[in-house]
Amino acid sequence: MNTLEFTAVIALGSSLAGFLGSLTGLGGGIVIVPLLTLVFGVDIRYAIGASLVSVIGLLRERRLMSGKAIAI
């Protein structure tokens with residue numbers, strides 16, 4: 001799998017996770033973690049960590065946009 005194919009699969013999986021997350025109210029990690037572990041063979045601890053880091057980044061961005069956090 002080359003870089004372009006990898007990027008396309010990750011983008012598709014992320015879009016699916018965002019769609020299902022917004023539709024059902026569940027987090028996108030419910031799609032991303034199995035995608036990373038089953039499709040890409042990533043260790044589950046790393047997949048969960050990657051999901052948590054993305055959530056932390058998203059929450060920080062939302063707080064910055066709302067003016068409730070100080071940019072560092």
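Residues are numbered from 1 along each chain as its sequence is written. Because the model is predicted, local features need pLDDT of at least 70 and side-chain atom pairs count only at pLDDT 80 or more, while totals for chains, interfaces and linings use all residues; side-chain values use heavy atoms, with hydrogens and water left out.

**The whole chain**

Start with the protein chain in cartoon view. Its secondary structure comes to three helices and zero strands, in the order α-α-α from the N terminus on. Helices (H or I, at least four residues) and strands (E, at least two) are DSSP runs, numbered from the N terminus. Of the 72 residues in the chain, 14% are buried. Buried means under 20% relative accessible area, exposed over 50%, and partly exposed in between, with a 1.4 Å probe and protein chains only. Among contacts (heavy atoms within 4.5 Å) between residues at least 6 apart in sequence, 17% join residues at least 24 apart.

**Helix 1 against helix 2**

Select residues 3-24, which are helix 1, and residues 29-39, which are helix 2. Two packed helices are described by the angle between their axes and the distance between the axes. Here the axes come within 8 Å and cross at roughly 150°. Axes are lines fitted to C-alpha atoms, for helices over the stretch in contact, and angles run from 0 to 180 degrees between N-to-C directions. Helix 1 and helix 2 are therefore roughly antiparallel to each other; angles over 145 degrees count as roughly antiparallel, under 35 as roughly parallel, 65 to 115 as roughly perpendicular and the rest as oblique.

Now show the side chains of the contact. Helix 1 supplies Ile10, Gly13, Ser14, Leu16, Ala17 and Leu20, and helix 2 supplies Val31, Ile32, Leu35 and Leu36. Eight of the contact residues are nonpolar, two are polar and none is charged. In this division Ala, Val, Leu, Ile, Met, Phe, Trp, Tyr, Cys and Pro count as nonpolar, Asp, Glu, Lys and Arg as charged, and the others, Gly among them, as polar.

**Phe6**

Go back to helix 1 and pick Phe6. Phe6 counts as partly exposed, at 40% relative accessibility. Not counting residues up to four places away in sequence, Phe6 touches Met1 and Phe40. Phe6 and Phe40 are 34 residues apart along the chain, and their C-alpha atoms are separated by 9.3 Å.

**The core**

Which residues of helix 2 are buried? They are Val31, Ile32, Val33, Leu35 and Leu36. Next select Ala17, Val31, Ile32, Val33, Leu36 and Ala47, the six residues of the largest nonpolar core. A nonpolar core is a set of buried Ala, Val, Leu, Ile, Met, Phe, Trp, Tyr and Cys residues joined through side-chain atoms within 4.5 Å. Helix 2 gives the largest share of this core, four residues. Centre on Ala47: leaving aside its neighbours within four places in sequence, Ala47 is in contact with Val33, Leu36, Thr37 and Val42.

**After helix 2**

Follow the chain out of helix 2 to Gly41, whose phi is positive, near 70°. Asp43 is in the loop between helix 2 and helix 3, and at 30% relative accessibility Asp43 is partly exposed. From Asp43 to Val33 is ten residues in sequence and 9.7 Å in space, C-alpha to C-alpha.

**Helix 3**

Finish with Ser51, in helix 3 (residues 44-66). Ser51 is buried, with a relative accessible area of 11%. Not counting residues up to four places away in sequence, Ser51 touches Gly29 and Val33.
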